[in-house]
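Here is a short briefing on one model. Look at the sequence and the structure first, then read the points below.

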Amino acid sequence: MAIIDVQNVSKTYRPRQAGGGSLAGLLNPFRRRPTGCVHALSDVSFSVEAGESFGIIGANGSGKSTLLKLLAGVTVPTSGHVAVEGRVASLLELGAGFHPWLTGRENIYLNGRIMGMSRGEIDAAFDAIVEFSGVGEFIDNPLDTFSSGMFVRLGFAVAVHANPDIFLVDEVLSVGDEAFQRKCRERIGLLRERGKTIVFVSHDLGIVNALCDRVILLSKGRLIARESPRETIDFYLRQVGDARGIHTLGAGAVEAILSGGRIALFHDKHEVSAPRGLLVRTLDMGVWHESTAADWEVVERGPAHCRARGRMTKLPVRHLWDLRIEDGRLIWRVAIECEHEAAIEAIEMNLFLPTAYARWHYGPRGGAFPAILPGDLTWAQLVTPDSACDTAAALPGDGSALPAVLIERRTERPHDRMIWWNTDYVVGARLLQTGGPIPDRERPFPPGIHELCTLVVDLGLAPDALVERLEAETARRTVSAGRLSAVFDRGCVRLAFAGADLTTLEHLYASLFVDGLWNDSASLEWDTPRRDGVRLEASGESRRFPYRQQWELEPRGDGIAVRIWIDVAEAFACQEYHTSICLKPDYDAWETPHESGPFPPIEPGQEDWRHANRSYAPGARIAASGPALPAVSIELDAVDGAPPCRMTAINTGFHDNARVLQALRVPETGAFRFEPGRHLLFAGIVKVAES
Amino acid sequence: MSGVVYTDTQQGRCSRILPDLIRARGLLWDLISKDFRARYRDARVGVLWAVLHPLLMTLVLWLVFGVILQFRVAERGIATEDPFAVFLLCGIVPWQFLAAGLAAATASLVRDRDLIKKVYFPREVIPLAAVGSCLVGLVVGLAVLVAARLATGGGLSFGALWALPVLAVQCVFMAGLALLLSAVHVRYRDVLYIVEILLAFGFYATPIFYPLSLVEERLPLWLAEHGAPAWLAGAYFANPMAGLVTAYRQAFLGNRMPDADLLVWPIACACVVLVAGAVVFRRSAPAVADHL
């Protein structure tokens with residue numbers, strides 16, 4: 001049953017002119033008839049069901065207050081009808097009718113009467129009102145001795161105890177101290193549960209979104225409704241986009257709303273981003289500062305492009321954002337400008353996606369997003385960060401209208417990396433984060449502009465096309481031998497058997513110990529792998545030392561041959577080097593030509609890597625086996641004249657949690673000296689035997 | 001009170017006045033008591049002012065007309081000649097009620113605009129409460145009058161109760177005027193000034209410090225002397241307070257039923273004004289908040 005029924009309501013105000021409201025004006029034959037009426041509301045119709053929470057939003061001057069006055073019965077429409085069934089309490093004007101000379105007690109009775117309560121009702125509710133208001137012994141003092149907070153609290157207390165059927169709630173939630181505001185919200189939540197009808201008018205769109213079942217938008221006196229509160233609010237945001245920090249841009253199906261340091265991303269009217277949207281977080285002195293806390297100004301506006309500047313209020317830092325939408329892609333470029341030296345510890349760009357996204361991809365890796373459950377209080381990192389990974393993707397679950405999202409990263413900052421997260425239950429979103437801690441040597445940021453990163457969010461690909469593209473990308477890097485496959489991923493080779501991953505961490509990789517530092521193959525600058533028939537070739541250049549590595553992967557019989565060369569430009573010394581496979585912790589036994597044994601369990605708190613074997617005699621083979629996964633072995637490839645290695649089985653620390661098979665070369669004395677030219681580091685065959 | 005229905009169409013309907021007022025009687029009472037308490041709250045001698053006010057007015061008029069100008073009065077229908085001060089008091093108390101009530105009521109809607117613009121309740125309550133709170137002053141004034149009469153040795157019998165129907169007529173008259181004037185004042189803020197001038201004028205056009213019998217005796221003579229038509233004398237009697245104040249005197253000082261011819265005109269006026277006031281008020285009440 002509709003408790004509020006508004007039918008074709010229009011309200012017109014005649015402007016009050018000077019003299020127009022006096023008898024002199026009336027008697028003056030030459031007075032000008034008032035011209036031009038103000039149409040506060042035009043043909044507005046809606047109804048509110050009993051027990052509903054109903055929101056009204058709109059810019060200043062859109063007719064909200066007029067509509068509330070009509071609902072409160074304070075005034076009547078020029079045409080149309082308003083019917084309200086039940087007692088209305090307006091929390092709009094707390095303490096309306098309070099008399100400053102009367103005591104709190106007298107005012108409670110008077111205000112209760114104005115609200116329509118009988119004396120008996122007020123008597124019954126009196127103690128509860130006094131308690132809720134927290135006015136205490138002041139209750140018998142005249143009201144003009146009250147603080148403004150007490151005044152409002154008393155007004156709110158009377159209103160909520162008047163037991164009305166309909167509450168009209170305005171911006172009251174922004175009065176009083178934090179504790180009282182919480183009390184108000186709790187109380188309103190309680191009233192909602194009790195089935196009271198609540199009509200909300202607020203500029204706090206977050207509260208409206210959270211509390212209202214339905215939202216209508218008033219725009220210049222006309223009613224604009226969208227299906228869900230969220231859509232109405234978004235429409236509103238777009239409408240008030242002239243505001244300083246707000247801009248809407250769009251091209252084709254892709255739209256983005258930049259709103260004070262946050263971007264909401266839409267595809268075909270569906271919001272692709274989760275409520276927190278796209279934003280930047282900065283860590284300074286151990287405190288995270290979100291870009292939404294900055295003072296934003298859009299400095300350049302275009303239909304599909306804008307530039308915005310946000311000055312952080314608590315940091316000497318200005319955000320410089322450049323947004324562009326083209327070809328179904330949002331291009332989000334972020335730089336920061338430091339006014340003076342800024343000791344920023346970390347900076348991250350966050351892209352929150354709703355849980356409707358079911359699968360993630362990260363470089364050549366991929367998996368299903370785990371469900372976020374009510375008990376999830378911490379955020380879960382879904383991938384091992386890889387500073388070399390520049391593409392990530394998310395695919396929506398079945399039946400979702402959301403598009404596939406492909407994110408590409410363009411950055412000059414070598415230490416930044418992307419990570420997929422599952423957030424906690426409260427935030428309830430998938431998160432792609434790029435950036436990370438700022439290395440010590442870059443701190444503090446000197447004054448000036450620092451380019452951070454550009455994210456290209458591509459919404460234009462169909463999920464199938466995206467999967468195909470990701471698979472094709474992976475296929476280009478894959479070498480298979482029977483059911484064993486090896487995917488080359490920037491200095492790491494991921495091994496899988498019949499689709500099940502065997503390796504973890506850095507997978508199969510090589511590392512050189514030079515000048516006291518391990519230089520992993522994963523840290524090289526890799527070019528795109530080349531294919532030569534079944535053979536895969538890739539080369540990567542060290543950023544720090546004068547060498548390149550060349551890798552070759554090739555199926556050989558039931559295994560995959562791996563060959564690693566080093567191309568030295570300038571002679572350098574290397575203390576030792578190895579090639580290793582990081583296996584999943586499910587492997588529990590190892591075997592070399594000299595001995596065999598179990599991997600001891602990896603205890604919590606164990607940080608260092610520990611050798612499981614005792615003999616360091618050179619060998620040509622090492623293998624690991626476990627109950628669930630097929631046994632994996634490395635056999636040195638004698639044909640290529642590979643140098644002999646120490647075959648070592650290693651337990652990593654608890655955090656890394658992997659079993660490592662390592663082919664280690666240590667010089668007899670001193671160090672290896674690599675002369676300019678090409679040298680073979682490793683040649684071996686990785687084999688899998690089904691146990 | 002759940003199940004209360006209000007719609008915009010009902011708000012302007014005259015037939016709803018009585019039910020609305022009956023429902024809001026508690027509010028009316030609370031507003032009256034609020035007005036009265038708030039008025040004297042911060043004053044040193046508090047409610048005593050309600051007693052002092054008519055007494056001081058009487059003192060001033062007694063000094064001017066009784067002592068300096070040596071007025072002697074004999075009202076028609078009253079056998080004895082009372083002290084001039086008591087005679088004055090008996091005129092001043094009802095007049096002050098009228099003047100204070102109308103001034104307060106005219107401005108009442110504008111004064112309480114904060115409340116009106118925010119909460120819905122039957123708007124009639126506001127001007128009626130303004131009149132009602134002055135009624136308290138009247139009761140105090142009448143008590144002073146009774147005390148003064150007894151103190152000066154005048155007798156008082158049940159005949160004085162004839163003042164009650166007179167008071168009723170005055171209340172109805174004032175209620176009608178209060179509704180009418182307050183509603184018009186919202187649109188045309190000149191009304192309050194006009195009311196104030198008319199009240200100042202009315203003080204002299206009402207037999208307060210002179211008896212009605214004096215007017216009846218001398219006005220026709222004066223008109224005849226100047227060749228004016230005799231019916232012009234009726235202009236004086238168009239003021240319903242002329243009859244009402246005299247009727248009060250007949251009840252209080254004469255302890256008798258007031259002459260019927262004194263009350264016919266005020267009763268007619270009260271009825272017409274009440275109906276007109278109620279209709280005008282109801283018509284403009286729904287949108288009154290738009291003009292505040």
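In chain B, 81% of the contacts with a separation of 6 or more join residues 24 or more positions apart. Contact means heavy atoms within 4.5 Å. For chain A, the share of contacts between residues at least 24 apart is 66%, among those at least 6 apart in sequence.

This is a predicted model, in which local features need pLDDT of at least 70, side-chain atom pairs count only at pLDDT 80 or more, and totals for chains, interfaces and linings use all residues. Residues are numbered from 1 along each chain as its sequence is written, chains are lettered from A and ligands numbered from 1 in the order in which they are written, and side-chain values use heavy atoms, with hydrogens and water left out.

**Chain B: fold and size**

- Chain B has 13 helices and one strand. Helices (H or I, at least four residues) and strands (E, at least two) are DSSP runs, numbered from the N terminus.
- Its order along the sequence is β-α-α-α-α-α-α-α-α-α-α-α-α-α.
- The C-alpha trace of chain B spans about 60 × 50 × 35 Å along its principal axes.

**Chain B: surface and charge**

- In chain B, 53% of the 292 residues count as buried. Buried means under 20% relative accessible area, exposed means over 50%, and partly exposed lies in between (1.4 Å probe, protein chains only).
- Chain B has an accessible surface of about 13200 Å², and carbon and sulfur atoms hold 71% of that area. Such areas come from the Shrake-Rupley method with a 1.4 Å probe; for residues, only the protein chains shown count as cover.
- Chain B carries 24 positive and 19 negative charges, and their mean positions are 9 Å apart. Lys and Arg count as positive and Asp and Glu as negative, while His and the chain ends are not counted. Each charge is placed at NZ of Lys, CZ of Arg, CG of Asp or CD of Glu.

- Chain A holds nine helices and 51 strands.
- A compact globule of 691 residues would have a radius of gyration near 26 Å, but chain A has 34 Å.
- Along the principal axes, the C-alpha atoms of chain A fill a box of roughly 115 × 55 × 50 Å.
- Of the 691 residues in chain A, 54% are buried.
- The accessible surface of chain A is about 29700 Å², with 50% belonging to carbon and sulfur atoms.
- The 73 positive and 89 negative charges of chain A have mean positions 6 Å apart.

**Chain A: two assigned domains**

- The domain assignment gives domain 1 (241-464) and domain 2 (477-689) in chain A. Domain bounds come from an automatic or database domain assignment.
- The centres of domain 1 and domain 2 of chain A, taken over C-alpha atoms, are 35 Å apart.
- Six residues from domain 1 of chain A and five residues from domain 2 of chain A take part in the contact.

**Chain A: positive phi**

- Most residues other than glycine have a negative phi.
- Asn8(A) is not a glycine, yet has a positive phi of about 45 degrees. Asn8(A) sits in strand 1 (residues 2-13) of chain A. Its relative accessible area is 42%, so Asn8(A) is partly exposed.
- Arg490(A) is not a glycine either, and has a positive phi of about 50 degrees. Arg490(A) lies in the loop between strand 30 (484-488) and strand 31 (493-497) of chain A. Arg490(A) is partly exposed because its relative accessible area is 25%.

**Chain A: loop residues**

- Gly116(A) is in the loop between helix 3 (104-114) and helix 4 (119-133) of chain A. Its relative accessibility is 16%, so Gly116(A) counts as buried.
- Asp588(A) is in the loop between strand 41 (576-583) and strand 42 (589-591) of chain A. At 35% relative accessibility, Asp588(A) is partly exposed.
- Leaving out residues up to four places away in sequence, Asp588(A) touches Pro598(A), Phe599(A), Ser625(A), Gly626(A) and Pro627(A).

Methods: The radius of gyration is taken over C-alpha atoms; the globule rule is 2.2 Å times the number of residues to the power 0.38.
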